[in-house]
Structures are given as C-alpha cells and as structure tokens.
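Good morning, and thank you for making time for this presentation. May I ask you to bring up the sequence and the model before we begin?

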Amino acid sequence: MLINAIRWNPSEGLDLGILTIHYYSLMFLIAFGLGWYIMKSIYTREGIEIEKLDSLFIYTVIATLVGARLGHVIFYDWEYFQNHLLEIFLPVRFEPEFEFTGFRGLASHGAAIGIIVAMYLYSKRILNKPVLWILDRIVIPVASGAIFVRIGNFINSEIIGKPTGSDYGVIFEKLGEDFPRHPAQLYESACYLAIFLILWFIYWKTEKRFKLGYIFGLFLVLLWTVRFFVEFIKEPQVEERATWLLNTGQWLSVPFVLAGLYFMYRPSKRRTV
C-alpha cells in the first residue's frame, strides 16, 4: 500500500458550460499579469513612462509564445514537424486524423532566446536604453512566471519525473500509472520561487542593479543550473536521446550558465542609472 504517495488526476480546466478554461492557460495568464505589475513597480521606481509598459507586455508575450513554440519544434521534435510545417503554429494535428490539440509543445530554452531577441528590439525601438538594462529587470518577472508555468505542467501531468522506487511521490493517474514519481515540476517551481526572491532582493536592496548585466547573468546562472540538475530526475522528453550522457535540456542549459557567468563577472567601466 502506497501510504505516502499522492494520487493526482485533476480535470484539465474549469468547465464554464460554453467553454473550458484550461488550468495551463490560466497559469500563463497569471504569469503575464503578475509580470506586468512587477514591471510597473520597477518602471515607477526608475522614472520610465508607464506607457512604454504596454509595448513591453506585447513584446514579451509574443516572444515567449513564439520562442517557446519554435524551441520545442527545433530542439525536441524537428523530425516530426519538418514534415508537418502547418502544425507548428496551428493548434491542431492532421495525422493520423484531424485533432484539436492546443499548443502543448513549448520549450523554455526557446522562450529564453525569444525574450532576449525581443528585449533587444524593444530597447532600440521603444526604451532607448542599453539592452542589458531591460534584461536586468525583465528577468525578475520572468522568474516569477516560471513558477506558474511549472505548476501548469504539474496540473497537466506533463514533463514528469522518474519513478521514486518507494511509496513517496505522486501517482499520475492520468497517465494510467499506479506507481509514484518525483513531482519534478514542483521541485522546479519551488526553486524558481527562490530565484525570484533572490533577484527581487538584489534589485531592490543592493547596488548590483547599477552594474549592467549582473542581475541578468545571475538569473541565467541560477535558473539554468536548477534546470540542469532537475533534469537528472526527469523522464527524457525525447526517447531517442535517453542514452545520452546528458539530455537535451541539460546540453541546452550549459551555454546559458556560461553566458551568465560572463555577464556577472565581466569588467565594468561605468555605472548606469
């Protein structure tokens, strides 16, 4: 008898009769909404016009969704999508039969690249500040958003952990299983909460915010180090790569960590207010 295991089999969303609000989508709405309020407090402190926040919100939302989708397609499932190009940006599957699937394939590494590119464009077109200035600040709400994305993954019983081999863990009944796994999604979510609090403290309580790139670099190091180690207790997302020394997520995390160390410790000649 699995005394300490939790059985998990929730509904996919809130049934409102004429439509269903999926919990995963709700987590994204919470993430973006909270991010907007966090950036509003930052812009108020920095004396930036609040009107520029609307453009930042649009850039961030589009970059996150497009980047995450392309990241999944390119890094994890190109073998399939190269022959189904229409399905990349359509929430449907045409084979073996037509099916409405929603956008279930999203990759955080792709989202990170998308946000970096979007912040470069935003800094040049709208903000008129160095790109590292906005990256130092946008990573704070990004960290908070990651908390809710992983909770959404847990609700959906996806990106699951490996079996615990004991009566500890979560039984994902939606997958037709009767043995406990590590709730890897919740491990990540808890770590992202800690990262958010660290970044928030450093920005509001220390002088590090004046060193261009430091908070951005710290974010890269902390978040992708967490991702690297949590991957050891996750099931591989690409079965064909299960025998690799490191999985896809880990290989993709290493360059982000190295880049973060560079931005944290690169020589700084001036302070930027």
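Which residues does valine 170 touch, not counting residues up to four places away in sequence? Please keep in mind throughout that this is a predicted model. In it, valine 170 touches Ile6, Trp8, Phe154, Phe179, Pro180, Arg181 and Pro183. Valine 170 itself belongs to strand β6, residues 169-172. Its relative accessibility is 5%, and because buried means under 20%, valine 170 counts as buried. I would also point out serine 157, which is 13 residues from valine 170 along the chain, with 10.0 Å between the two C-alpha atoms.

Let me now turn to the chain as a whole. The chain contains eight helices and six strands. Read from the N terminus, the order of the elements is β-β-β-α-α-α-β-β-α-α-β-α-α-α. Of the 273 residues in the chain, 48% are buried. If we take the contacts between residues at least 6 apart in sequence, 67% of them join residues at least 24 apart.

A word on confidence is in order. The average pLDDT of the chain is 87, and 88% of the residues score at least 70. Which element has the lowest mean pLDDT, and which the highest? The lowest mean, 60, belongs to strand β5, residues 99-100, and the highest, 97, to α6. Where pLDDT is low, the predicted coordinates should not be read in detail.

Helix α5 covers residues 131-155 and helix α6 residues 184-205; their axes lie 8 Å apart, and the helices pack at an angle of about 165 degrees. The two helices are therefore roughly antiparallel. The crossing of α5 past α6 is left-handed. On the α5 side, the residues making the contact include Ile140, Ala143, Ile147, Ile151 and Phe154. On the α6 side they include Leu186, Tyr192, Leu193, Phe196, Leu199 and Trp200. By class, this contact comprises 15 nonpolar, four polar and three charged residues. Phe154 of α5 takes part in this contact, and Phe154 is also one of the residues touched by valine 170.

The next pair is α7 and α8. Helix α7, residues 214-230, packs with helix α8, residues 248-265, at an angle of about 155 degrees, and the axes are 7 Å apart. From α7, the contact draws on residues including Phe216, Leu220, Val221, Trp224 and Phe228. From α8, it draws on residues including Val254, Val257, Leu261 and Met264, together with Gly249 and Gly260. The contact of α7 with α8 is made up of 14 nonpolar, six polar and one charged residue.

The third pair lies earlier in the sequence. Helix α1, residues 23-46, and helix α2, residues 51-76, cross at roughly 145 degrees, with axes that come within 11 Å. Here α1 passes α2 in a right-handed crossing. Among the contact residues of α1 are Phe28, Phe32, Trp36 and Tyr43, and among those of α2 are Leu53, Leu56, Phe57 and Leu65. Lys40 of α1 and both Lys52 and Asp54 of α2 also take part. The classes in this contact are 10 nonpolar, two polar and three charged residues.

Most residues other than glycine have a negative phi, and most peptide bonds are trans. Asparagine 128, however, has a positive phi, near 60 degrees. Asparagine 128 sits in the loop between α4, residues 108-127, and α5. With a relative accessible area of 61%, asparagine 128 is exposed. Isoleucine 159 likewise has a positive phi, near 55 degrees, and is found in the loop between α5 and β6.

Is isoleucine 88 buried or exposed? Its relative accessible area is 9%, so isoleucine 88 is buried.

Note on methods:
Residues are numbered from 1 along each chain as its sequence is written. This is a predicted model: local features need pLDDT of at least 70, side-chain atom pairs count only at pLDDT 80 or more; totals for chains, interfaces and linings use all residues. Side-chain values use heavy atoms; hydrogens and water are left out. Axes are lines fitted to C-alpha atoms, for helices over the stretch in contact, and angles run from 0 to 180 degrees between N-to-C directions. Helices (H or I, at least four residues) and strands (E, at least two) are DSSP runs, numbered from the N terminus. Angles under 35 degrees count as roughly parallel, over 145 as roughly antiparallel, 65 to 115 as roughly perpendicular and the rest as oblique. A crossing is left-handed if the near helix is turned anticlockwise from the far one by less than a right angle, and right-handed if clockwise. Contact means heavy atoms within 4.5 Å. Ala, Val, Leu, Ile, Met, Phe, Trp, Tyr, Cys and Pro count as nonpolar, Asp, Glu, Lys and Arg as charged, and the others, Gly among them, as polar. Buried means under 20% relative accessible area, exposed over 50%, partly exposed in between (1.4 Å probe, protein chains only). pLDDT is the predictor's confidence in each residue, from 0 to 100.
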